[in-house]
Amino acid sequence: MSPFKDEENILARRPTWVEVDLNHLATNFKRVKQRVGPVARVMAVVKANAYGHGAVACARRLANEGVDWFGVALPEEGIELRSAGITQPVLCLAGFWPGQAAACVQHQLTPVVYRLEMLEALNQAALNAGVVADVHVKVDTGMGRLGIRFDELTEFVAALDRFRNVRIDGIMSHLAAADDASCQPLTSDQIRRFEDAVVVFRD
């Protein structure tokens, strides 16, 4: 008899599990809220099914506790929250794919944008719906992943006037190694570039 006869069963499931205590989740949120103070708003990131913990269940509890925003990766994750009755603002951290602009507008999702063609699509979808759509602009200050390069920002901002149905609701970036003390020079450079980017938008 082959010692591997049960290999399919072994590969089909892993002997692991996770137990999510929503009371503990609520306590953690309250501690974060106390730490940041009453002025700062808190976003709960529940992308990838809340990292496997159950996006809808976690979001419902955090909504009841007073979370201000939810962060998801993609519009379809945001639509799932809307379908579950979540009314707080939802930020789509990875933006949206071609063809999803109308869904973002319909479900009042706030996408992260970093290319003019994304703004063009969203502007048209918002115009068709007779609304103004909010977006957050992502600036690449040194991470090298998503975002408008900080040295190309002036040209990008100069083009924004033609998008009358889009409102810039926020500006963001991604610090590549903020938790690594050995990378402090890079983090300082990124913060400086982000502060410069904010000035460009304000001007």
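Helix 9 covers residues 184-202, and in this predicted model its 19 residues reach 27 Å from the first C-alpha to the last, close to the 27 Å expected at 1.5 Å a residue. Its buried residues are Thr187, Gln190, Ala197, Val198 and Phe201. Seen down the axis of helix 9, these residues fall within an arc of 100 degrees, so they line one face of the helix. The elements they pack against are strand 5 (133-140), helix 8 (153-158) and strand 7 (166-172).

**Overall layout**

The secondary structure of the protein consists of nine helices and seven strands. Along the principal axes, the C-alpha atoms fill a box of roughly 70 × 45 × 45 Å. The protein has 203 residues, and buried residues make up 36% of them. Among contacts between residues at least 6 apart in sequence, 58% join residues at least 24 apart.

**Helix 4 and its surroundings**

Helix 4 spans residues 55-65, with Ala55, Cys58, Ala59, Leu62 and Ala63 buried. Viewed down the axis of helix 4, the buried residues lie within an arc of 130 degrees, so they line one face of the helix. That set packs against helix 2 (22-36), strand 1 (43-45), helix 3, strand 2 (69-72) and helix 5. Gly66 follows helix 4 and has a positive phi, near 105 degrees.

**Strands 1 to 3**

Strand 1 and strand 2 run parallel and are joined by three bridges. Val45 has Gly71 of strand 2 as its bridge partner. Strand 2 also pairs with strand 3, again in the parallel sense and over three bridges. Here Phe70 has Val90 of strand 3 as its bridge partner.

In a regular strand the side chains alternate between the two faces of the sheet. In strand 2, Trp69 and Gly71 point one way, while Phe70 and Val72 point the other way, and all are buried.

**Nonpolar core**

The largest nonpolar core has 46 residues, of which Phe70, Leu81, Leu119, Leu122, Leu153 and Phe156 touch the most other members. For Leu122, leaving aside neighbours within four places in sequence, the contacts are Phe96, Ala101, Cys104, Val105, Pro111, Ala133, Asp134, Val135 and Val166.

**Cysteines**

The structure holds zero disulfides. The sulfur of Cys92 has its closest cysteine sulfur in Cys104, at 5.1 Å, which is too far for a bond, because a disulfide needs the two sulfur atoms within 2.5 Å. Cys92 is buried, with a relative accessible area of 0%. Cys183, at 23% relative accessibility, counts as partly exposed.

**Individual residues**

Gln88 lies in the loop between helix 5 (75-83) and strand 3 (90-92). With a relative accessibility of 15%, Gln88 counts as buried, because the limit for that class is under 20%. Apart from neighbours within four places in sequence, Gln88 is in contact with Ala63, Val67, Asp68, Phe70 and Arg82.

Ser83 belongs to helix 5. Ser83 is exposed, with a relative accessible area of 64%.

Most residues other than glycine have a negative phi. Ala48, found in helix 3 (residues 47-52), has a positive phi of about 55 degrees although it is not a glycine. Gln108 also has a positive phi, near 55 degrees, and is placed in the loop between helix 6 (101-106) and strand 4 (109-113). Ala48 counts as partly exposed, whereas Gln108 counts as exposed.

| Residue | Relative accessibility | Class |
|---|---|---|
| Cys92 | 0% | buried |
| Gln88 | 15% | buried |
| Cys183 | 23% | partly exposed |
| Ala48 | 44% | partly exposed |
| Gln108 | 63% | exposed |
| Ser83 | 64% | exposed |

Key:
Residues numbered from 1 in each chain as written. Predicted model: local features only at pLDDT ≥ 70, side-chain atom pairs only at ≥ 80, totals over all residues. Heavy atoms only, no water. Helix = DSSP H or I, 4+ residues; strand = E, 2+ residues; numbered from the N terminus. Buried < 20%, exposed > 50% of the residue type's maximum accessible area, 1.4 Å probe, protein only. Contact = heavy atoms within 4.5 Å. Expected span 1.5 Å × (residues − 1). Arc of directions from axis to C-beta. Core = buried A, V, L, I, M, F, W, Y, C linked by side-chain atoms within 4.5 Å. Pairing = 2+ DSSP bridges.
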